[in-house]
Amino acid sequence: MKIYITLAAICLIASAAALSIESLNSLREKTEIEAQYQECAKQENVSEEDATKLRNKDFANATPGMKCLGTCFFEKVGILKDSIVQDDVVLAKLVPQYGEENVKNALEKCKNEKGVDRCETGFKIYECAEYARAEWGH
């Protein structure tokens, strides 16, 4: 009987540890994303107001800084390289959270958006992706 109680306790502790590691990884990822976002805001010389507007998906009257911030962020996380969407990175990063069908549909819909320059192209892709994500209810 003692062996069963010991095994149950070990399983409970292992489960708690696994959940803690998963929570830590999620927190670490969110912290890294925020750091990349802040780094891009500084790099692109974007005001806090514009950074907040972009974070809140307020795309109306987007300033050049907002457009470059969205582009820079996608570049930092590997989604964009030389204004080209990196399909494999998008799938690897987003499928676990949003589902394969949703991500593939958004990818097909958004990856060919083009603008007059790097920032405009990246922003159009960013905006399209956010609208697609909103359709999924996320």
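Buried means under 20% relative accessible area, exposed means over 50%, and partly exposed is whatever falls in between. Keep that handy for these exercises on a predicted model.

**Exercise 1.** Work out whether Tyr131 and Phe59 are buried, partly exposed or exposed.

*Solution.* Start with Tyr131: its relative accessible area is 46%. That value sits between the two cut-offs of 20% and 50%, so Tyr131 is partly exposed. Now take Phe59, which comes in at 7% relative accessibility and so counts as buried.

**Exercise 2.** Find out how the ring of Phe59 pairs with those of Phe123 and Tyr131.

*Solution.* First, Phe123: the two ring centres are 5.6 Å apart and the planes stand at 80°. Planes over 60 degrees apart count as edge-to-face, so that's what the Phe59 and Phe123 pair is. Next, where do these two sit? Phe59 is in the loop between helix 2 and helix 3, and Phe123 is in helix 6, so the pair ties together parts 64 residues apart in sequence. Both Phe59 and Phe123 are buried. Then Tyr131: with Phe59 it makes an edge-to-face pair too, at 5.6 Å centre to centre and 75° between the planes. Tyr131 is also in helix 6, 72 residues from Phe59.

**Exercise 3.** Show which side of helix 5 is buried, and what that side packs against.

*Solution.* List the buried residues of helix 5: Val103, Ala106, Leu107 and Cys110. They span an arc of only 105° around the axis, which puts them on the same side of the helix. Those buried residues pack against strand 2, helix 4 and helix 6. Finally, check the face turned away: it carries the exposed Glu101 and Glu108.

How values were computed:
Residues are numbered from 1 along each chain as its sequence is written. This is a predicted model: local features need pLDDT of at least 70, side-chain atom pairs count only at pLDDT 80 or more; totals for chains, interfaces and linings use all residues. Side-chain values use heavy atoms; hydrogens and water are left out. Rings of Phe, Tyr and Trp (its six-membered ring) pair if their centres lie within 6.5 Å; planes under 30 degrees apart count as stacked, over 60 as edge-to-face and the rest as tilted. Helices (H or I, at least four residues) and strands (E, at least two) are DSSP runs, numbered from the N terminus. Buried means under 20% relative accessible area, exposed over 50%, partly exposed in between (1.4 Å probe, protein chains only). The arc is that of the directions from the helix axis to the C-beta atoms. Contact means heavy atoms within 4.5 Å.
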